[in-house]
Amino acid sequence: MIKRIEKIKAWQIFTVTALVFVLGFVMMCGYHCIRETSARKDGTLVTYTLTADDFELRDIKKTDDGWRTTNHDSQMRLEKEQKFSSMKFTMDYSVEPGEIVVYYKEPGDEHYSEQKRLWAQPVDGTDNRYIVQMPVKQVTAIRLDPSMFAGNNLVFGDFVFNEEKQIADYFDVTYTHVFCLVLYTLVVSACLKYGQEFLTKKFD
Amino acid sequence: MLSSVAALFTIIIFAFGLYALTGISRRIAPLVGLVLLCDVAMVRAMGGGLYAGTLAVYIMAAVVFALALYTHRKDLCNKLKGFFAPGVVLFVVSSAVMLLVLRQTQPVMHGWDEFSFWGTSQKLVKQHNALYTYYSSSMLGKSIPPSMAVLTYFFGFASGSFVEWVCYFAYDVLFFACFAAFTAVFEEKQPHSAFMLYTAAFMIPFIFEITEINSKLYSTYISAYGDIPLALVFSGAVAVCFCTQHTDSRRVWPVLPVLVFLTLIKDMGLALSCIAAFVIFFDMVVGIKDFSFVKIRGFFGKCAAAASMLAVTGISYIGWSVHLAKVLTLDRSDFGGSSGMGMGRMLIAGVKALLGIERDRKFREIFASMISAFFNLKVSMFGSGLMVVAVITAVFAAAFILGDKKGRIRTATAYITTWIGFIGYYVFHIFLYVYVFRNDAYTLPSYDRYMYTFYIGWLCIGLFCLALAVKDGHRLLSRTALFGFAAGCLLIVSFYADRGNTFIGVNRNSFPKRELIRRKAEFLQDAISSDDVIYIGSEDNSGEHWFIYTYELADNKIVQDYFVWDGTKTEDEWDEMAPAVMTQYFKDKGVTHFLIDNVNEEFIQRYGDRFDVPVDEIGLNYVAYYKVNYNENGFYFTFVKGGAA
């Protein structure tokens with residue numbers, strides 16, 4: 001046994017670790033895909049559309065041609081128990097809004113917390129369409145903070161909830177994934193190499 | 001992009017040249033090469049020849065490389081293979097990856113002091129091809145030394161204009177060069193240990209910058225501040241000597257350019273350079289037997305080495321002071337500050353107060369809050385200063401227990417000398433808060449930044465000791481300790497940081513205020529001429545808008561006070577800003593133009609009649625620029641340009 005371990009080369013350790021991470025990532029994406037599809041099948045996850053008027057507005061005033069934030073922490077709240085996976089919306093603004101974030105509450109939560117926060121990403125190539133998404137979860141409330149500025153003139157379009165995704169969307173790879181893959185692979189394979197030395201008592 | 005690639009390439013070939021020609025350790029070569037190039041350019045820049053100096057260092061690097069190729073033409077392949085040790089490979093790869101990430105995300109300047117000095121200085125230096133002491137600008141910290149500005153200039157040398165992310169890239173390459181130097185202990189092949197040490201070093205700045213789990217953007221690796229460079233170059237300087245195996249001049253001379261660079265990062269660099277020299281000297285005393293420096297042997301050789309380190313530190317500090325005195329007629333020994341004392345008088349008064357001879361109320365209160373801050377203020381993911389020191393002590397203790405006999409002595413010595421350095425550093429900051437800071441001193445502004453500078457350096461030195469133990473001491477357990485520490489750092493950082501608050505997650509929504517004011521300044525650009533003296537008025541009461549304007553309009557003189565009309569003003573405060581008072585103030589400062597960032601109703605009520613074109617329209621995304629005129633009724637403003645940016 002020890003002899004066999006001794007024979008394993010460094011590049012083998014590295015490749016296998018990387019493959020395990022990639023496989024783990026693919027499996028996790030697959031799991032989310034299956035869960036969402038089944039939730040859609042049994043009718044708990046539905047696609048629907050709202051307008052800004054359906055939200056409870058805090059520190060946002062309705063004006064003649066849109067809405068206007070009156071505070072740098074203006075919020076749009078929606079109390080609704082539902083399965084939630086994504087929200088896509090259109091928002092024009094007079095000033096770049098800054099970080100757009102969505103908080104959510106799960107059953108039993110009293111307050112919104114920073115651990116349950118999502119960042120709105122611009123939809124590819126547009127500067128007024130945003131998407132917020134996460135693996136499907138049961139939520140009781142959603143809160144959108146649309147702008148970091150007071151006095152921003154906003155015009156909202158439709159809010160589309162839980163839009164159906166393509167299979168490929170579940171397997172979307174970002175820079176963060178690549179960065180983490182490289183870093184964790186290197187760290188874990190360095191640890192495994194160390195484990196090999198530990199077992200065989202042979203040090204480089 | 002191309003100019004960054006050229007700079008990185010130049011550093012690598014110069015490092016190779018140094019390694020091949022002088023025989024210094026290859027892992028310290030990138031750091032020594034980088035700072036040496038910057039030092040030479042900096043010396044020329046202080047004489048007024050930044051452009052020529054930088055051009056000269058590019059040529060110098062090429063010449064050294066060619067010379068190295070010629071000298072080693074027979075065993076070139078071996079030499080090149082030998083150069084790319086794991087530490088050097090990590091340096092090259094992480095620099096290349098960082099270049100791609102920054103090019104993709106394109107972060108811009110966004111932190112407070114990036115607008116007051118750190119970012120503005122780099123922008124000005126690029127625009128004028130000369131140090132910021134040579135021309136007038138709205139920048140505040142003109143007396144701060146120029147290491148980092150010259151470093152960025154070196155990286156942006158071949159590009160036509162100033163690109164903000166290139167500054168971040170320059171800083172990051174410097175950091176990676178330091179990390180590579182950290183791995184110099186493992187001169188034999190121990191790639192995975194070297195990698196783990198590198199990873200731990202990469203994680204350490206996060207540990208001290210992100211102290212809360214909430215996800216606002218923290219600028220680790222995309223910041224132009226001088227604190228992290230100070231910390232890492234400090235530990236890099238120690239590493240250059242501590243981690244190498246040479247016992248002759250090659251152990252000492254590479255430290256000298258690093259100390260010059262360190263001294264000229266910011267004023268505190270002088271203190272850290274002295275501490276580094278102190279740590280290195282005692283390490284040499286206990287750690288090396290047969291030592292010779294420029295043919296002086298033994299203990300006296302070590303003394304000569306220490307003397308030369310202190311000498312270059314002193315010369316660089318004095319050199320910059322002389323430059324300031326000559327070019328700006330500025331006396332650097334006078335700190336300005338709340339007490340108006342010079343450095344010497346401050347130290348005497350401080351020591352007296354510390355010994356309890358003459359303690360005034362300010363000293364007593366700040367002393368008490370500094371002591372309590374050490375125990376209570378959270379400065380890192382580990383917790384307060386006490387927790388940080390506990391972690392550092394644990395690292396040193398592990399290195400001590402697991403090391404061989406010589407390693408133990410060196411570890412213990414390093415621990416003691418760094419403790420002495422820390423106490424000196426801490427006490428010095430008490431003096432700074434008491435004698436230099438004004439009323440805000442009681443809240444200990446920027447305490448965490450000032451302190452983590454030392455903590456980061458200290459922790460890194462602890463890691464060098466642990467690396468010594470891995471090399472010579474108990475093979476199994478020392479590696480367990482190193483791997484455990486690095487993996488622990490990675491885990492705790494993964495727990496605290498997510499993509500939203502690190503350099504990876506930056507996008508165009510991350511810097512909204514900066515973006516807003518950039519657009520406004522750009523909109524007004526053609527209306528502003530370079531000799532306008534501008535007064536800025538805004539509803540923003542934090543001063544952040546003002547700071548960003550000083551960056552955007554850096555070439556203009558911008559009056560330091562700031563007209564604020566947020567909704568909270570009392571009647572008395574409005575009286576202090578009555579038109580008659582303000583007119584006199586404007587005249588005294590020679591204000592020629594009034595830039596209005598935004599207005600509220602109260603401002604329009606009180607000042608609206610003094611504008612020829614109404615200001616009612618000026619909302620969040622509007623901006624207006626007025627010429628200031630004076631008559632017997634005070635000032636009135638005529639419209640120059642305005643509208644939605």
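The side chains of Glu365(B) and Arg361(B) meet in a salt bridge, with 3.0 Å from N to O, where a salt bridge is a side-chain nitrogen of Lys or Arg within 4 Å of a carboxyl oxygen of Asp or Glu. Please keep in mind that this is a predicted model, in which local features need pLDDT of at least 70 and side-chain atom pairs count only at pLDDT 80 or more, while totals for chains, interfaces and linings use all residues. Residues are numbered from 1 along each chain as its sequence is written, chains are lettered from A and ligands numbered from 1 in the order in which they are written, and side-chain values use heavy atoms, with hydrogens and water left out.

Let me stay with that first pair for a moment. Glu365(B) and Arg361(B) are four residues apart in helix α16 (residues 361–376) of chain B, and therefore they are separated by about one helical turn; helices here are DSSP runs of H or I with at least four residues, strands are runs of E with at least two, and both are numbered from the N terminus. Glu365(B), at 33% relative accessibility, counts as partly exposed, whereas Arg361(B), at 52%, counts as exposed. For these words, buried means under 20% relative accessible area, exposed means over 50%, and partly exposed lies in between, with a 1.4 Å probe and protein chains only.

How many salt bridges does a search of the whole structure find over all chains? The search finds 25, and another one of them joins the side chains of Arg518(B) and Glu515(B), at 2.9 Å from N to O. Elsewhere in chain B, salt bridges that share partners join Asp113(B), Asp227(B), Lys266(B) and Arg449(B) into one network. In chain A, the side chains of Lys62(A) and Asp53(A) meet in a salt bridge of 3.1 Å, N to O; Lys62(A) counts as exposed at 54% relative accessibility, and Asp53(A) counts as partly exposed at 48%.

Now let us turn to a strand in chain A. Is strand β9 (residues 129–145) of chain A largely enclosed by the rest of the structure, or largely open? Twelve of its 17 residues are buried, so β9(A) is largely enclosed by the rest of the structure. Strand β5 (residues 75–93) of chain A pairs with β9(A) in the antiparallel sense over twelve bridges, where two strands pair if DSSP finds at least two bridges between them, and Lys83(A) stands opposite Gln138(A) in β9(A). Strand β6 (residues 101–105) of chain A also pairs with β9(A) in the antiparallel sense, over five bridges, with Val101(A) opposite Asp145(A). Strand β8 (residues 121–122) of chain A is joined to β9(A) by two bridges, and the two run antiparallel; here Pro122(A) has Tyr130(A) as its bridge partner. β8(A) and β9(A) form a hairpin with six residues between them, and Gly125(A) in the turn has a positive phi of about 80°.

Aromatic rings come next. A search of the whole structure finds 77 aromatic pairs over all chains, counting rings of Phe, Tyr and Trp (its six-membered ring) whose centres lie within 6.5 Å, with planes under 30 degrees apart called stacked, over 60 edge-to-face, and the rest tilted. Phe84(A) and Phe161(A) form an edge-to-face pair, 6.1 Å centre to centre and 65° between the planes. This pair links distant parts of the chain, since Phe84(A) lies in strand β5 and Phe161(A) in strand β10 (residues 153–161) of chain A, 77 residues apart. Both Phe84(A) and Phe161(A) are buried. The rings of Tyr103(A) and Tyr112(A) have centres 6.4 Å apart and planes at 65°, so this pair is edge-to-face as well; Tyr103(A) counts as buried at 9% relative accessibility, and Tyr112(A) counts as buried at 15%.

In chain B, the charged end of Arg408(B) sits over the ring of Phe400(B), 5.7 Å from its centre.

Note on methods:
Lys NZ or Arg CZ within 6 Å of the ring centre and 35° of its normal.
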